[in-house]
Amino acid sequence: MLVSGLDVCNKALEYLGTKFKHQGRLKGKGVDCAGLVICVAKELSIYRGGDSKSYGRVPDGQMMLENLRDWLIEVPLDDIQPGDILLQRFDQEPQHVCIYMPNNEIIHSYAHLGEVTKHIFDEEWKKKTIASFR
């Protein structure tokens, strides 16, 4: 079965409001940013990576980048499409992932808000984004 970016977006929307839980992997109960991406991909039977839950609260950015490159194709940031995975940095290292949505929005499990949320992919979030994957 061929899965589209919109399939990824629609599946991710099912997680809205799910509480943030470090290393969580359970829809409706708790997921972290990586957990959201992994759970969506697993539900759509498109996940081909490993699922190491041995990372700290501030994950190893290089490990995140390598894991994404293991199962996704890196695409230019100026070519992102709904369903693409965005890798972001908050401080020095990449440490966060989200899913790009239609209408220039993103969905992610955001610890600061305590849940899976969707909002505009504004300039602040664009500055944090360092890579994109399909």
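Asn-104 sits in the loop between E5 and E6. Helices here are DSSP runs of H or I with at least four residues, strands are runs of E with at least two, and both are numbered from the N terminus. Asn-104 has a positive phi of about 55 degrees, although it is not a glycine. It is partly exposed, with a relative accessible area of 28%. For the terms: buried is under 20% relative accessible area, exposed is over 50%, partly exposed lies in between, with a 1.4 Å probe and protein chains only.

Asn-103 is in the loop between E5 and E6. Its phi is positive, about 65 degrees, and it is not a glycine either. Asn-103 counts as exposed, at 66% relative accessibility.

A word on the source. This is a predicted model, where local features need pLDDT of at least 70, side-chain atom pairs count only at pLDDT 80 or more, and totals for chains, interfaces and linings use all residues. Residues are numbered from 1 along each chain as its sequence is written, and side-chain values use heavy atoms, with hydrogens and water left out.

Now helix H1. Val-8, Cys-9, Lys-11 and Ala-12 are buried there. They cover an arc of only 165 degrees around the axis, so they lie on the same side of H1. That arc is taken from the directions from the helix axis to the C-beta atoms. What do the buried residues of H1 pack against? H2, strand E5 (94-101) and strand E6 (105-110). Contact means heavy atoms within 4.5 Å.

Next, the core. A nonpolar core is a set of buried Ala, Val, Leu, Ile, Met, Phe, Trp, Tyr and Cys residues joined through side-chain atoms within 4.5 Å. The largest has 29 residues. Val-40, Leu-68, Ile-85, Leu-87, Val-97, Ile-99 and Phe-133 touch the most other members. H2 gives the largest share of this core, seven residues. Take Ile-85: its contacts include Val-37, Leu-72 and Ala-131, leaving aside residues up to four places away in sequence. A second, separate core has seven residues, among them Tyr-100 and Trp-125.

Last, the second largest pocket. A pocket is an open set of points on a 1 Å grid over the protein atoms alone, where a 1.4 Å probe fits, with protein on both sides within 12 Å along at least five of seven lines; lining residues have an atom within 4 Å of a point. 18 residues line this one, and Val-8 and Arg-134 are among those nearest its centre. H2 gives the most to the lining, three residues.
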